[in-house]
Amino acid sequence: MRVIAADEILAESFRIIDAEIGEHPFGPFEWPVVRRMIHASGDLDLARLVYCSAGAVAAGVQAFQAGIPIVTDVRMVAAGIQAPLRQSLGVDLHCFLDDPEVERAASARGVTRCAWAMQRAIASFPEAVYVVGNAPTALSALAAAVRRGVARPRLILAMPVGFVGVLESKAEALSLPVPVIAVRGRRGGSAVAAAAVNALLLLAQEEAAP
């Protein structure tokens, strides 16, 4: 039995996705990002749920080409981002969830650790690519910081998953005057968010933004 190489499996997976989705509303610069999100989740419905604001993919690519750092809400998102690819572009990665001060401050203020970790991240990296793949409270904290002029995201990936606060936090993100890639509705998750980042990193490495 012939062993199938990983790149062959990926190429065949992309062929199947292209064939099963057929026509879609995404441009040639957006589709590689959406297709990787579908591949990571096995969820063809993402073709109708993913929203890219005008120029959002180009903004992410340009940010990574300039070495702008990534901030994630949780460790699972950070773990899924390909380190060699990120490092080849000189892009740093930050997640403040394990900071002991975050746990103490969140408990004292009666907020979630993810929300306070996001505020801690914004204080250190006001200009970043922010990736939220789990915690709606982190996305709401980021949106509030943008409205106050404290955070200046080069791109927001708004992909928290679940039932409490998810729709509301995504609506907040989509109302912001900054580039956003989002999964509408209750779907999303760490794997989908990390896949989107990896696709943007690949585009940044392989081709120039339009």
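**View 1. Asp43, Asp45, Arg48 and Arg187 form a network of salt bridges.** A salt bridge here is a side-chain nitrogen of Lys or Arg within 4 Å of a carboxyl oxygen of Asp or Glu. The model is predicted: local features need pLDDT of at least 70, side-chain atom pairs count only at pLDDT 80 or more, and totals for chains, interfaces and linings use all residues. Residues are numbered from 1 along each chain as its sequence is written, and side-chain values use heavy atoms, with hydrogens and water left out. Arg187 sits in the loop between strand S6 (180–183) and helix H11 (190–206), and Asp45 in the loop between helix H2 (31–41) and helix H3 (46–49), so the pair ties together parts 142 residues apart in sequence. Helices (H or I, at least four residues) and strands (E, at least two) are DSSP runs, numbered from the N terminus. Arg187 is partly exposed, at 35% relative accessibility. Asp45 is also partly exposed, at 30%. Buried means under 20% relative accessible area, exposed over 50%, and partly exposed in between (1.4 Å probe, protein chains only).

**View 2. Arg75 and Asp98 meet in a salt bridge.** The closest N and O atoms are 2.6 Å apart. Arg75 belongs to helix H5 (residues 75–80), and Asp98 to the loop between strand S3 (93–94) and H7; the two are 23 residues apart, and the pair links distant parts of the chain. Arg75 is partly exposed, with a relative accessible area of 40%. Asp98 is exposed, at 51%.

**View 3. Arg120 reaches Asp99.** Their side chains form a salt bridge, 3.5 Å from N to O. Arg120 is in helix H8 (residues 113–124) and Asp99 in the loop between S3 and H7, so parts 21 residues apart in sequence are tied together. Arg120 counts as partly exposed, at 32% relative accessibility. The count for the structure comes to 10 salt bridges.

**View 4. Cys95 and Cys114 are in no disulfide.** A search of the whole structure finds zero disulfides, a disulfide being a pair of cysteine sulfur atoms within 2.5 Å. For Cys95, the nearest cysteine sulfur is that of Cys114, 7.7 Å away. Cys95 is partly exposed, with a relative accessible area of 28%. Cys114 is buried, at 15%.

**View 5. Six strands make an open sheet with mixed pairing.** The order is S1-S6-S5-S4-S2-S3. Strand S1 (50–52) and S3 stand at the edges with a single partner strand each, so one side of each has no neighbour in the sheet. Two strands pair if DSSP finds at least two bridges between them. Strand S2 (residues 70–72) pairs with S3 in the parallel sense, over two bridges. Here Ile70 stands opposite Leu93 in S3.

**View 6. Strand S6 is covered on both faces.** Val180 and Ala182 lie on one side, Ile181 and Val183 on the other, and all are buried. In a regular strand, side chains alternate between the two faces of the sheet. S1 runs antiparallel to S6, joined by three bridges. Tyr51 stands opposite Ala182 in S6. S5 runs parallel to S6, also over three bridges. Ala158 stands opposite Ala182 in S6. From S5 the chain crosses through helix H10 (residues 166–174) to S6, in a right-handed β-α-β crossover. Right-handed means that, with the strands pointing away from the viewer, the path from the first strand over the helix to the second runs clockwise.

**View 7. Helix H4 (residues 56–65) is largely enclosed by the rest of the structure, because eight of its 10 residues are buried.** Among the buried residues of H4 are Ala56, Val57, Gly60, Val61 and Phe64. Gly67 follows H4, and its phi is positive, near 75°.

**View 8. Ser107 is found in helix H7 (residues 100–109).** Which is Ser107, buried or exposed? Ser107 counts as exposed, at 60% relative accessibility. The C-alpha atoms of Ser107 and Gly185 are separated by 29 Å, and these residues are 78 apart along the chain.
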